Structures are given as C-alpha cells and as structure tokens.
Amino acid sequence: APDLPTADTVEVASESRKAPAELIAREVARRRTFGIISHPDAGKTTLTEKLLLFSGAIQLAGTVKARKSGRHATSDWMEIEKQRGISVASSVMQFEYRDHVVNLLDTPGHQDFSEDTYRVLTAVDSALMVIDAAKGVEEQTIKLLNVCRMRDTPILTFMNKLDRECRDPLELLDEVESVLKIQCAPVTWPIGMGKNFRGVYHLLRDEILLFKAGEERADQEFEVVKGIDNPRLAEMFPLEIEQLKMEVELVHGASHPFDLEEFLAGKQTPVFFGSAINNFGVREILNALLDWAPAPRERDATVRSVEPTEAPFSGFVFKIQANMDPAHRDRIAFLRVCSGRFERGMKIKHLRLNREIKVSSVVTFMASSREQVEEAYAGDIIGLPNHGNMQIGDSFSEGELLQFTGIPYFAPDFFRSVRIRNPLKIKQLHKGLQQLGEEGAVQVFKPVHGGDLVLGAVGVLQFEVVASRLLNEYGVDAVFEGTSISSARWVTSDDKKALADFEKSSAGANIAFDAAGNMAYLATSGVNLKLTQERWPQLTFHSTREHA
Ligand code: G4P
C-alpha cells in the first residue's frame with residue numbers, strides 16, 4: 001500500500017494539481033476542431049491544401065491534391081484507396097496558426113463516401129461548408145448538414161470559385177436559407193465574378209480585399225483598400241463599385257447581421273466568398289474559425305456531462321481504420337479527447353471491457369506525417385493501435401464510468417446479400433462480419449427467418465472495403481449480390497406484444513437484427529415502408545440509431 005500522505009505531500013499534490021488545471025484550460029481554449037463538408041468537386045481538397053499551406057503546415061503546393069489523385073508515395077492509406085485515388089477513410093490534420101492548435105478532420109466527399117464521413121462530424125466542434133458558387137447547394141452537402149444539425153454544430157460557409165461565372169450571390173444565400181434551413185450572415189461580399197472578379201468587400205470591417213489570380217502563393221498579401229467610399233476604388237473600377245454599393249445596401253437590408261450567439265447555436269452561418277485555388281478569401285475563413293468557432297465544449301457522457309477542462313482524461317472512439325500501414329495488420333482507433341490531458345505511456349481505462357490499457361504507441365496527426373504524440377488535450381484526435389478490441393463509440397477514462405453519447409448509426413442506402421464460395425468458411429465469414437460490423441465498417445443484418453446475411457452501407461465503396469478485408473484478414477472469398485431491399489429502419493416500441501406480433505406477421509420476412517441485436521425493418525420500396533408504418537402505428541421506425 002502507498003505511504004500515507006503527510007502534510008507535506010498533500011501540499012505538493014494540491015500544488016501540482018493546480019498547475020495542470022491552468023495549463024489544461026489554456027490548451028483547451030486555443031484548440032479548434034473542425035471538418036469540411038461539401039459536395040464532390042466544390043473545392044474541399046483545394047481549400048484543405050490552402051489552409052495547410054497558409055498555416056505553414058506544409059510547404060509544397062500539390063501535396064494534398066496529389067494524395068487525392070493517388071500520386072503520393074507514402075503508405076498511409078489503404079491499397080484500395082490508392083487504386084481508386086480517393087480517400088476511403090477520413091484522416092486528421094493538425095496544425096498551428098496564430099497560437100491556436102487546429103485539428104482539421106477530413107470527411108471524404110466522393111460519391112462513395114462511407115459512414116466514417118458522418119461519424120467524423122460527431123467528433124468536431126464546428127464545420128466549414130464549401131459550396132461551388134456556380135452550382136449552389138448540392139445533394140451531399142444537404143446530407144452532411146443534416147448530420148451537423150443533430151448536434152447543432154456551428155457552420156461557417158465558403159462560397160468558392162468566384163473566379164468563374166457563378167450564380168447571383170443573393171440567390172445563393174436564398175438557396176442556403178431555404179434548402180438548408182439555416183440563416184445566412186454574409187461577412188464578405190463579392191465584387192463581380194468570373195473574368196470581372198475584383199475582390200471581396202468585408203462588411204464588418206468596411207475593407208476591400210483586391211483579387212489577384214495566382215495559384216501557388218502560400219503567404220500572399222492581397223492589397224486591402226479601406227472604406228467603400230475610398231476614391232481609389234472609383235478610379236480603379238467605377239462600374240463595379242457602383243454595383244457593389246447598391247448590393248451592399250440591399251444585403252444590409254435583406255440579410256441578417258452576424259450574431260455570434262446564433263452562430264454558436266448552429267442557427268446562423270457566416271458566409272464568405274472567395275476562390276480557394278487562388279488562395280483568395282482563405283485567410284478570412286481561417287481567422288473566423290479561430291475568432292468565432294468554439295473551442296471544445298462539454299460533452300454528454302450519459303451519467304453526467306464532462307467539461308473539457310476537467311483534469312482526468314476522457315474520450316471516445318469515433319472511427320476505426322484498418323491497414324493504415326500495410327506492413328502491419330493493425331487497425332487504428334481514432335479517439336477524440338474530451339477532457340484532461342493525455343500523455344504518452346499513461347494508463348487509461350477501456351470502459352466497455354472494464355480493462356486498463358497502457359498506451360505507449362499512439363499516433364497524432366500532424367499535417368505532414370504521422371508522429372508519436374507526447375500529449376493531447378480536449379479537441380485533439382489520437383490514434384490508438386487496436387487489435388480488434390475497440391469499437392465505434394467506446395469510451396475511455398482514467399476510471400470513471402462514462403459513456404459518451406451522440407455517435408449515430410445511419411440507416412443504410414445500399415444493400416447486398418452475402419454468400420461464400422467455400423461453405424467450410426461459413427464460421428470465418430460470420431466472425432469477420434461480426435467484427436467488421438462492430439467496428440462500424442459496414443452494417444450487418446441477420447434476417448429473423450434465416451437466409452443470407454444482408455450488408456448495409458451508406459456508400460457502395462464500403463462493400464469493396466469489406467470484401468477485401470474479408471479476404472485479407474479472414475481468408476473468406478465472399479460473393480456480394482444485389483438485393484430487393486431499398487431502405488432500412490430500426491424498429492422500437494414500448495409495446496412488447498406489438499413487436500412480437502410484428503415479427504410473426506407477414507412483415508416478418510423483412511425483419512432482421514443488426515450486429516448489436518437491434519430489430520430493423522428492411523423495406524423493398526418507399527411504398528412498402530410507408531404501408532408498413534401505417535399498418536403498425538404502435539411501432540416507431542428510426543432512420544438513425546445511437547451507439548448502444
Ligand atoms: P473536392 O475535394 O471538393 O472534390 O474538390 P477539389 O478541391 O478537388 O476541386 C475540384 C475542382 O475544382 C478542381 O479542378 C479544382 O482545381 C477546382 N477548383 C477548386 N477551387 C477552385 C476555384 O477557386 N476556382 C476554380 N476556377 N476552380 C477551383 P479539376 O479540374 O477537377 O482538377 P485539376 O485538374 O484542376 O487539378
């Protein structure tokens with residue numbers, strides 16, 4: 001047993017506890033953790049790269065882009081990702097800017113995005129929405145914004161590609177407000193567009209930032225002209241300035257002034273115009289992120305809510321990535337720190353397994369490379385090596401029984417039934433799918449009345465990933481086939497008898513249980529789902545479920 005503390009040691013202990021509290025508070029206050037949401041081709045990769053270049057995190061233009069197109073040689077992503085030249089699983093980039101620590105979590109924006117894309121958004125404190133100003137609000141942006149809305153995540157908006165012919169800016173704001181149901185507060189306003197793009201007017205600072213094309217500038221200084229009435233402007237481009245003055249009047253009258261509270265509540269988005277490829281307007285968005293976006297906030301951990309500045313470490317796993325390093329079979333569990341201070345080598349408790357683990361090899365994610373992490377604070381992401389004992393939603397602490405909430409599973413949009421060529425491998429198939437299901441790589445449904453297992457995903461690429469992992473990690477050559485299922489809903493009810501009746505009814509043929517044992521209805525069409533819902537009013541059909 002440890003020695004009983006004397007007056008002396010008590011004194012020392014409380015002193016040493018005081019210093020970290022201040023340190024932790026300071027570290028939390030300077031952290032910003034965000035993700036970029038956009039439809040493919042809106043400019044997410046370009047903007048990410050400019051943010052990194054701008055902050056000095058990377059020196060070479062083209063680094064992020066090359067990675068996207070698969071020209072990069074490091075082996076940080078899966079084989080399949082290289083083949084397809086897209087980002088299968090989101091990665092994390094950490095950089096410092098203006099004495100802040102910024103964690104940028106990548107959300108794969110390709111058509112083949114996966115559940116990871118959604119789950120990453122549960123680990124951020126704010127999001128940057130990039131919109132192609134020629135196209136406006138697109139389908140994937142709507143989906144991602146809906147996920148942000150589940151936690152009222154504050155959203156900043158960047159209207160990109162003003163160096164091209166775009167849609168009318170007022171019309172764009174209108175569309176964001178009506179389609180995405182979020183108030184817009186323009187912070188910068190474009191002067192012209194396409195060949196006549198002159199720059200942006202900063203509505204709050206009454207400054208004009210003059211546009212100059214050029215792709216490879218990292219720390220450019222665009223010329224700033226103070227005051228919309230500055231005679232220099234009238235000299236430079238008289239026509240556009242008259243137009244701008246009219247528009248600004250209109251904007252002031254027709255739109256909402258920026259309101260920090262509303263933004264932090266997720267009800268209003270500040271809007272910036274610019275051109276990512278020209279690095280124009282990027283600094284403004286980065287500054288807004290530091291000045292306005294929230295530092296890590298409290299998180300609900302079921303028994304109580306946890307403040308980021310609490311001294312004991314806590315966090316949760318929001319994503320698991322396999323084979324980041326092909327030389328090792330390891331998976332990496334991405335953990336978002338929610339409180340306290342993480343130090344390499346410390347012991348933390350895996351609460352679901354009620355097991356203490358010592359974390360000695362942990363990765364953090366500097367933009368340039370994967371590095372060993374020495375310490376981390378709320379808002380940071382650390383990568384824990386995982387030999388199959390970690391699942392999405394697992395919580396970790398220094399001992400207190402916490403369970404962080406808000407990590408959703410989404411009803412899949414794509415389905416495959418799965419068979420194997422070699423029936424002797426059936427056990428491995430089940431084991432593999434069980435683990436992949438728990439890990440969150442794919443959703444696995446087992447029909448109540450028997451038959452082939454059904455896999456569900458929100459992006460079709462997930463099936464490819466699962467097929468390749470089944471083969472490589474479990475030695476199972478599985479055949480995936482199309483099914484007649486078009487959507488799935490989790491079914492719950494307080495009425496146990498109704499649930500049992502439902503299972504026994506003719507609807508039973510379409511009922512299955514997921515990997516966590518939840519009942520789901522696999523509908524064959526929208527009409528089929530609607531009719532079933534009408535027929536069973538005692539039951540609730542959910543399109544998302546929380547991690548249990
Ligand atoms: P994503 O990650 O959201 O999918 O988009 P990405 O950054 O890859 O950008 C999609 C395309 O839009 C790229 O062109 C990119 O160069 C272009 N782009 C991004 N920002 C701007 C901008 O501010 N102005 C203009 N005019 N174009 C922009 P691409 O032809 O697909 O690629 P590349 O051949 O140019 O590399």
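## Salt bridges, worked through

Lys-226 and Glu-207 form a salt bridge, with the closest N and O atoms 3.5 Å apart. This is a predicted model, where local features need pLDDT of at least 70, side-chain atom pairs count only at pLDDT 80 or more, and totals for chains, interfaces and linings use all residues. Residues are numbered from 1 along each chain as its sequence is written, and side-chain values use heavy atoms, with hydrogens and water left out.

**Exercise 1.** Work out which strands the pair Lys-226 and Glu-207 ties together.

*Solution.* Start with the rule: a salt bridge is a side-chain nitrogen of Lys or Arg within 4 Å of a carboxyl oxygen of Asp or Glu. Lys-226 and Glu-207 have their closest N and O atoms at 3.5 Å. Next, Lys-226 lies in strand S10 (residues 224–226) and Glu-207 in strand S9 (residues 207–210), so the pair ties together parts 19 residues apart in sequence. Helices (H or I, at least four residues) and strands (E, at least two) are DSSP runs, numbered from the N terminus.

**Exercise 2.** Decide whether Asp-125 is buried or exposed, and locate its salt-bridge partner.

*Solution.* The partner is Arg-299, at 3.7 Å, N to O. Asp-125 sits in the loop between helix H5 (115–120) and strand S4 (126–132), and Arg-299 in strand S12 (residues 299–300), 174 residues apart. Now apply the cut-offs: buried means under 20% relative accessible area, exposed over 50%, partly exposed in between (1.4 Å probe, protein chains only). Asp-125 counts as buried because its relative accessibility is 7%.
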